[in-house]
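Here is a short briefing on one protein chain. Look over the sequence and the model first, then read the points below.

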Amino acid sequence: MLKDITLGQFFPGDSFIHRLDPRTKILIMLVYIVLVFIIKNFYGYAALTLFLAACVFVSRIPPRFLIKGLKPILIFIVFTGVFNLFLTGGTPIWHWWIFTVTEEGVRFAAFMVLRLIFLILGTSLLTLTTSPIALTDGLEILLSPFKKIGLPAHEISMMMTIALRFIPTLLDETDKIMKAQSARGASIDTGSIFSRAKAMVPVLIPLFISAFRRADELATAMECRCYRGGDGRTRLYELRYKSTDLFGWIFICLLFAVILALNFVFGRF
């Protein structure tokens, strides 16, 4: 299960999407998130599926590698769908005891599940095609205008870089600790919910100790390299917009126009 988490992982490549400027990809992702929430019918989600499939094909990332990122939150997706299915009022189509399924509930549950899936796949595609350093540089530049009102753009970007960088590391550390505990006879994956929660204590304690130790080592390394914040710092690779970024904006604008047209023509499904 831990190995299925793709957040923070980078899939190296030289595709069209990999070559996009990280600022362009961040802004396009924001537009993509807006599109996910303004779609009013299943035709819009069909268009979004084609767009996402085209992006996955162009990025040359194995679809199974992208889809496995859904496994860790599959329970949450199912719970969200069931929760909206039974607690949304409207025209009843099925009733048993205290449970009632309505037409509006079916539609709303389907929409919520689709939204979660598309959000996870889209954000996973962003992190898989953008290195954490490039993603941080792009975010820092995008936030730099807000420095005038006191927003610490560099500090926010640095924290995001460290968080993304440590996710795979902590996942590997957790997997090693769980295997070590299992080799010593600990039963982590069996028993009731309470017994499993109790069995996680011997895993969480060494994990926290390891995380604090790594954080201390990182702070020492940054001090040894005379890190003093973002003032006056330069980058090894300066970000520059290219013609590929223009094509990326053209594609997302076309998708935006198509979805707005589908909302206008078909309305709510």
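A pocket is an open set of points, on a 1 Å grid over the protein atoms alone, with protein on both sides within 12 Å along at least five of seven lines; a 1.4 Å probe that fits but cannot get out marks a cavity instead, and lining residues have an atom within 4 Å of a point. This is a predicted model, in which local features need pLDDT of at least 70, side-chain atom pairs count only at pLDDT 80 or more, and totals for chains, interfaces and linings use all residues. Residues are numbered from 1 along each chain as its sequence is written, and side-chain values use heavy atoms, with hydrogens and water left out.

**Overall build**
- The chain holds 10 helices and 2 strands; helices (H or I, at least four residues) and strands (E, at least two) are DSSP runs, numbered from the N terminus.
- Along the sequence the order is α-α-α-α-β-β-α-α-α-α-α-α.
- Of the 269 residues, 36% are buried, where buried means under 20% relative accessible area, exposed over 50%, and partly exposed in between (1.4 Å probe, protein chains only).

**The second largest pocket**
- Its volume is about 370 Å³; a volume is the space filled by probe spheres set on the grid points, which are joined across faces, edges and corners.
- The lining of the second largest pocket has 19 residues, and I17, L20, I28, F51 and C55 lie nearest the centre.
- At least two lining residues come from each of α1 (22–38), α2 (42–59), α5 (103–128) and α10 (243–266).
- Helix α2 gives the most, with 5 residues.
- By type, the lining has 15 nonpolar, 3 polar and 1 charged residues (Ala, Val, Leu, Ile, Met, Phe, Trp, Tyr, Cys and Pro count as nonpolar, Asp, Glu, Lys and Arg as charged, and the others, Gly among them, as polar).

- L48 lies in helix α2 and is buried, at 0% relative accessible area.
- The C-alpha atoms of L48 and L255 are 7.7 Å apart, although 207 residues separate the two along the chain.
- R60 is in the loop between α2 and α3 (63–67).
- R60 is not a glycine, yet has a positive phi of about 65°; R60 is exposed, with a relative accessible area of 64%.

**Salt bridges**
- A salt bridge is a side-chain nitrogen of Lys or Arg within 4 Å of a carboxyl oxygen of Asp or Glu; by this rule there are 3.
- D14 and R19 form a salt bridge at 3.8 Å, N to O; D14 is exposed at 53%, whereas R19 is partly exposed at 39%.
- D21 and R23 form a salt bridge, with their closest N and O atoms 2.9 Å apart; D21 is buried at 4%, and R23 is buried at 9%.
- R214 and E173 form a salt bridge at 3.2 Å, N to O.
- R214 is in helix α9 (residues 201–224) and E173 in helix α7 (residues 153–183), so the pair ties together parts 41 residues apart in sequence.
- R214 is partly exposed at 27%, whereas E173 is buried at 15%.
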